[in-house]
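Here are my notes for anyone opening this one for the first time. Have a look at the picture, then go through the points in order.

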Amino acid sequence: MHIISCCFGRNCRLEVFKYRNKERLTIKMKSHENNKDDTDVEVSRCNVKQIAAMFDGLIRNISDQSKGNTEDMSALRIPDIISKKRDGFELTKEEIEFFVSKVVDKSFEGAQLGAMLMAIYLKRLNDAETTCLTHAMTHSGRVLTWPDKWKGQIVDKHSTGGVGDKISLLLVPALAACGMKVPMISGRGLAHTGGTLDKLESIPGFCVHLNHQEMTDILETVGCFIAGQTDDIVPADKIMYASRDVTGTVSNHGLITGSIISKKAAESLDALVLDVKTGKAAVIQDEKSARELATQMVRAGNGLGIKTAALLTNMDAPIGNMIGNSLEVVEAIEGLHGQGREDLYELVESLGGRALFLCGRAEKVEEGCLMIKRVIHDGTADRKFCAMLKAQGVKPDLADSLCSKDANVRELLPKSKKTTKVLCPANGYIHDIDGLKCAEVTCRLGAGRTREGEKIKHGVGLELMKHIGDEAKEGEPWIIVHHNEDELPTHILNTLNHAVVVKSTPFTGIQSRLIDVISA
């Protein structure tokens with residue numbers, strides 16, 4: 001009875017047959033070319049698919065001999081690769097490169113791409129396959145190049161998305177102030193997570209569209225930029241993500257890793273730090289799953305020659321004081337002036353210190369953290385931020401005003417038409433603030449998107465007046481809503497009333513956002 005048939009490479013197909021004798025199973029490997037049995041092996045009773053996996057290496061040897069050890073990609077077939085992954089077998093480097101190349105040149109039909117992504121989703125990618133996929137996606141388009149004199153200095157950071165996450169706005173100029181080159185290719189917000197580009201575009205004149213020469217010039221003169229992804233950087237990702245979004249395959253770790261790390265690898269980095277968030281307001285809420293993703297991304301980054309580490313961080317409550325676009329820019333600038341909240345500085349210093357250590361600029365992580373802290377509090381990072389604003393299109397007088405410690409930053413950026421205070425429901429202590437509910441409210445106000453390309457309102461959002469652990473007094477405001485409606489809608493007020501938990505006993509939980517560091 002025929003059980004399974006799988007293709008391996010150009011000339012070799014494995015066909016597994018089961019015979020109902022009590023003591024053995026027979027495996028036959030046939031060549032596509034002559035249809036003759038290459039091998040007939042008898043084994044003890046075991047799972048048929050396990051047997052197929054055992055003979056994977058032998059099959060490849062036979063295939064290599066028949067093709068002179070050179071993979072002829074023109075002989076690969078899309079249906080064979082889909083079938084192979086569907087049946088749970090490891091794809092070769094050549095097969096993965098073939099898959100990605102056909103995605104980019106649009107040889108994959110929509111149904112075929114969906115089938116391939118679903119096969120990957122169900123059977124998963126191992127570390128080797130993930131690294132190969134990431135490499136192929138990276139080289140599906142333009143890979144940025146930098147002067148040789150910058151070798152060892154190119155560094156970046158990526159976050160999996162949070163609420164009130166304005167870390168990049170402080171970290172990028174701080175790393176540049178420490179002598180690093182930071183070519184951050186960033187993205188826009190979607191669903192409940194905010195986008196760094198949207199926040200920066202709330203600054204009048206700020207341009208996120210840079211060509212390669214402009215990127216190089218800004219890195220030379222300033223040391224950092226934050227820009228959007230160009231069409232020629234990792235084109236495979238845009239096509240694959242659009243298909244993942246409509247086929248229910250977004251959450252696969254291998255595909256997430258390929259998407260994130262390929263775009264960072266296209267920056268030709270020497271080092272990369274990842275902020276992988278977990279908790280009820282994170283994209284990946286389960287800590288175990290977030291840890292697995294962080295580990296896979298670190299391995300993929302290191303596998304591509306990028307010194308990579310990940311921080312696993314808590315994303316239950318919002319980060320800092322502000323949620324929204326211009327509001328978060330206000331808080332970031334205040335942070336660069338030394339007026340930020342402790343949780344904001346913890347993340348900036350931890351990520352920055354790890355990056356400086358990976359690049360060899362700091363002998364220990366702790367030393368790197370102190371370097372980041374120093375350039376923030378002595379104003380060097382603020383001056384780098386100001387220079388970046390000017391280099392990316394902001395008028396010099398506005399940039400100087402924004403970055404002046406004496407300036408009223410709120411008056412220089414877009415504001416909402418109205419503000420409404422939401423009051424503490426009782427006396428006691430704040431035990432929880434639901435970051436996801438806050439993010440959903442912010443999105444409903446117009447600060448976020450529910451679909452790609454949707455326009456956003458830069459001035460709306462939330463401003464926290466109380467934080468976990470603070471004493472609450474009934475009737476005092478715990479949050480301020482910045483909105484454009486004449487009256488705050490009842491459903492928004494109800495959501496916020498359910499977002500805060502006040503108890504009579506003091507809060508004694510852990511306040512640190514850092515859960516773990518994954519470095520290998």
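1. Let's begin with strand β12 (residues 428-433), which is mostly covered, as five of its six residues are buried. Buried here means under 20% relative accessible area, exposed over 50% and partly exposed in between, with a 1.4 Å probe and protein chains only. Helices (H or I, at least four residues) and strands (E, at least two) are DSSP runs, numbered from the N terminus. A word on the source: this is a predicted model, where local features need pLDDT of at least 70 and side-chain atom pairs count only at pLDDT 80 or more, while totals for chains, interfaces and linings use all residues. Residues are numbered from 1 along each chain as its sequence is written, and side-chain values use heavy atoms, with hydrogens and water left out.

2. Which strands pair with β12? One is β14 (residues 471-472), antiparallel to β12 over two bridges; another is β16 (residues 500-503), also antiparallel, joined to β12 by four bridges. Two strands pair if DSSP finds at least two bridges between them. Y429 is worth a click: it stands opposite E471 in β14, and in β16 its bridge partner is K503.

3. Now helix α4 (residues 93-104). Its twelve residues should span 16 Å at 1.5 Å a residue, and the end C-alpha atoms are 17 Å apart, so the two agree. The expected span is 1.5 Å times one less than the number of residues. E95, I96, F98, F99, V100 and V103 are the buried ones in α4, and they pack against α3 (78-86), α5 (110-123), α6 and α10 (235-247). Contact means heavy atoms within 4.5 Å. After α4 comes K106, with a positive phi near 65°.

4. Helix α12 (residues 287-303) passes the length check too: 17 residues at 1.5 Å each should span 24 Å, and its end C-alpha atoms are 24 Å apart. Its buried residues include L293, M297 and V298. What do the buried residues of α12 pack against? The partners are α6 (127-138), α11 (253-265), β8 (271-278), β9 (307-314) and β17 (514-518). Just after α12, G305 takes a positive phi of about 90°.

5. Finally, check D286, in the loop between β8 and α12. The D286 side chain reaches the backbone nitrogen of S289 at 2.9 Å.

Notes:
A polar contact is a pair of N or O atoms within 3.5 Å; within protein, one must be able to donate a hydrogen and the other to accept it, and residues adjacent in sequence count only if both atoms are side-chain atoms.
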